[in-house]
Amino acid sequence: MNQPRRVENLHTDKGKVPVYATGVVEQPWADYSAVDHDVWRRLYERQRQILVGRASDEFLIAQDAMGMTPDRIPKFDDLNQALRAATGWELIGVEGLLPELDFFDHLANRRFPVTWWIRKPEQIDYIEEPDLFHDLFGHVPLLINPLFADYMQAYGRGGVKAHGIGPEALVNLTRLYWYTVEFGLIKQKEGLRIYGSGIVSSKGESIHCLESAAPNRIGFDLERIMRTRYRIDTYQKTYFVIDSFEQLIEATEPDFTPIYARLAAQDSYPAGTVLDADQVYHRGSGEGWAGDGDV
Ligand code: PHE
Ligand code: FE
């Protein structure tokens, strides 16, 4: 990547860090407090315990390979050495969510934006915006897996393309991200397992997605997913299950342009719908579902 140009010092409630033209910031590692490191340690240790027997082998193996440890917040530079050598991915620090096109462009170039700040102790169980724990613990490990690394880059390229097609195409593509990268389940010999970052970084949802009777668990189907609305303020009503990362890559390889065109004429499905054509692993009881609020 070109050397980012420093444009200003942004003052936010998250702290004061140099912000560059591309939205990239340098991880202010020396400025993390003992409380910050302790939040990381508590979350890390708690999730690693919960994820045994729940996260996919791919995820757990990747996380070990990354060399993250609970004792302190990792340095992006250290993780980058492992990542660059394995798959050519690189982490860049950001202040928060980026404009969509910037985000896609980073992914298309194998750069993964990671929020540099970590949540406060009182936000251990829930935080609305992605923070360092979600990004680093949840998203980064699988970037060291060659198949998933390719999928993420392909997604970024697809995002740049969808952005040029229009807002409806972007809605379809975003649903795919949501139901795979963020909330995906994968079938293993021993049963269903988690690979989605939004789940692995959440204690409550790690248990809910596999063990609760409430949500649907349905086989991956690209166009079905692209038509399905989702939840941003509650646990998902539906999780989609892939057989393997190979399946995910193969299914998403074709040009989406004609798919977007076809879907533009069709209605979306509510988040909790089960269709006759679905491959149903579990039909959700719907217990506790909020009546509205699908996005
Ligand atoms: N094949 C998709 C397209 O043509 C790109 C893509 C790949 C999107 C993988 C998401 C995931 O737009
Ligand atoms: Fe995320």
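This is a predicted model: local features need pLDDT of at least 70, side-chain atom pairs count only at pLDDT 80 or more; totals for chains, interfaces and linings use all residues.
Q: Where does the UniProt annotation "binding site" fall?
A: The record is an unreviewed entry, and its annotation covers His 134, His 139 and Glu 182. These residues are spread over 49 residues of sequence, yet they cluster in space. The largest C-alpha distance among them is 10.2 Å.

Q: Is His 134 buried or exposed?
A: Count the neighbours. A residue is buried if 20 or more other C-beta atoms lie within 10 Å of its own. His 134 has 22 such atoms, so His 134 is buried. His 134 sits in helix 5, residues 132-139.

Q: And His 139, buried or exposed?
A: His 139 also belongs to helix 5. His 139 is buried because 22 other C-beta atoms lie within 10 Å.

Q: What do these two histidines touch?
A: Leave out residues up to four places away in sequence. Then His 134 touches Ser 197 and Ser 201, and His 139 touches Phe 112 and Ser 197.

Q: Where is Glu 182?
A: Glu 182 is among the buried residues of helix 7, residues 167-182. Others on that list include Leu 176, Trp 178 and Tyr 179.

Q: What covers the buried residues of helix 7?
A: The cover includes helix 6, helix 8, helix 10, strand 9, helix 11 and helix 12.

Q: Which residues of helix 6 are buried, and what covers them?
A: The buried ones are Phe 148, Ala 149, Met 152, Gln 153, Gly 156, Gly 158, Gly 159 and Ala 162. Their cover includes helix 4, helix 7 and helix 11. Just after helix 6, Gly 166 takes a positive phi of about 145°.

Q: What surrounds ligand 1?
A: The shell includes Ala 154, Tyr 155, Lys 161, Leu 176 and Asp 255. Helix 6, residues 146-165, gives the most to this shell, with five residues. By class, the shell has five nonpolar, two polar and four charged residues.

Q: How many residues are in the largest nonpolar core?
A: That core has 65 residues. Those with the most contacts inside it are Leu 91, Val 114, Leu 132, Val 140 and Leu 143. Take Leu 143 as a case. Beyond residues up to four places away in sequence, Leu 143 touches Leu 83, Thr 87, Trp 89, Phe 112, Phe 148, Ala 149 and Met 152.

Q: What is the phi of Arg 110?
A: Start with the general idea. Most residues other than glycine have a negative phi. Phi of Arg 110 is near 60°, a positive value in a residue other than glycine. Arg 110 lies in the loop between helix 4 and strand 5. Arg 110 has 19 other C-beta atoms within 10 Å, so Arg 110 is partly exposed.

Q: Where is Gln 236 found, and is Gln 236 buried or exposed?
A: Gln 236 is in the loop between helix 10 and strand 9. Gln 236 is buried because 25 other C-beta atoms lie within 10 Å. Not counting residues up to four places away in sequence, Gln 236 touches Phe 183, Pro 215, Tyr 230, Arg 231 and Ala 271.

Q: What separates Gln 236 from Ala 251?
A: Along the chain they are 15 residues apart. Their C-alpha atoms are separated by 23 Å.

Conventions. Residues are numbered from 1 along each chain as its sequence is written. Chains are lettered from A and ligands numbered from 1 in the order in which they are written. Helices (H or I, at least four residues) and strands (E, at least two) are DSSP runs, numbered from the N terminus. A residue is buried if 20 or more other C-beta atoms lie within 10 Å of its own, exposed if 12 or fewer, and partly exposed in between; C-beta atoms are placed from the backbone. Two residues are in contact if their C-beta atoms, placed from the backbone, lie within 7 Å. A residue is near a molecule or strand if its C-beta atom, placed from the backbone, lies within 6 Å of it. Ala, Val, Leu, Ile, Met, Phe, Trp, Tyr, Cys and Pro count as nonpolar, Asp, Glu, Lys and Arg as charged, and the others, Gly among them, as polar. UniProt positions are given in the numbering used here, feature names are shortened, and annotations may be inferred rather than shown by experiment. A nonpolar core is a set of buried Ala, Val, Leu, Ile, Met, Phe, Trp, Tyr and Cys residues joined through C-beta atoms within 7 Å.
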